[in-house]
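Work through the two exercises below with the sequence and the model at hand. Each task is followed by its solution in steps.

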Amino acid sequence: MSPLKILTNTLKQAGMRVTPQRIAICKLLSETDTHPTAATIFKHVQAQYPSLSLATVYNTLDALTGLGVVNVLGHAGDDNVHYDADTSPHINLACVSCHKIVDFASLQVASIDSEVSKASGYKLLGVRMMYYGLCPDCQKINVQ
Ligand SMILES: [Zn+2]
């Protein structure tokens, strides 16, 4: 199943109507690796669907995060909640200066997941693993 299909199927599962607006939200989430905020998603999808409301963005995100196909990442030093549709085990690196978030693949994260679920008996629905720091670009700026 494509990443987009997984998201739209999840909305159906949550009992939501899969409207063109919600499909556009899912499409954006499934295609980006920039870890958008609700406001960013709203801005992009509203350009295409002017009648879109911020409430639709939030209730769509709530349904997707509630069923574990989108992760809530918390803020990147910018007081904005960021979302990630890549729920495979990975670390997110947030730059507290330019507020970008990048993915960092780590084999060790996968083994932490299985350790946690085995030892706790939990069916894990999501994980928020965020490291904060200064990205290489911002470190250069700060040195000058
Ligand atoms: Zn930066």
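The exercises cover a sheet and a helix pair.

Residues are numbered from 1 along each chain as its sequence is written. The model is predicted: local features need pLDDT of at least 70, side-chain atom pairs count only at pLDDT 80 or more, and totals for chains, interfaces and linings use all residues.

**Exercise 1.** Determine the strand order of the open sheet and state which strands stand at the edges.

Step 1. Strands (E, at least two residues) and helices (H or I, at least four) are DSSP runs numbered from the N terminus; two strands pair if DSSP finds at least two bridges between them.

Step 2. Three strands form the open sheet in the order 4-3-5, and the pairing is mixed.

Step 3. Strand 4 (101-104) and strand 5 (130-133) each have a single partner strand, so they are the edges and one side of each lacks a neighbour in the sheet.

Step 4. Strand 3 (residues 91-95) pairs with strand 4 in the antiparallel sense over four bridges. Ala94 has Ile101 of strand 4 as its bridge partner.

**Exercise 2.** Describe how helix 2 packs against helix 3.

Step 1. Helix 2 (residues 20-31) meets helix 3 (residues 38-48) at an angle of about 130 degrees, the axes being 10 Å apart. Axes are lines fitted to C-alpha atoms, for helices over the stretch in contact, and angles run from 0 to 180 degrees between N-to-C directions.

Step 2. Helix 2 is therefore oblique to helix 3 (under 35 degrees is roughly parallel, over 145 roughly antiparallel, 65 to 115 roughly perpendicular, the rest oblique).

Step 3. With C-beta atoms, placed from the backbone, within 7 Å as the contact criterion, Gln21, Ala24, Ile25 and Leu28 in helix 2 meet Ile41, His44, Val45 and Gln48 in helix 3.

Key
Two residues are in contact if their C-beta atoms, placed from the backbone, lie within 7 Å.
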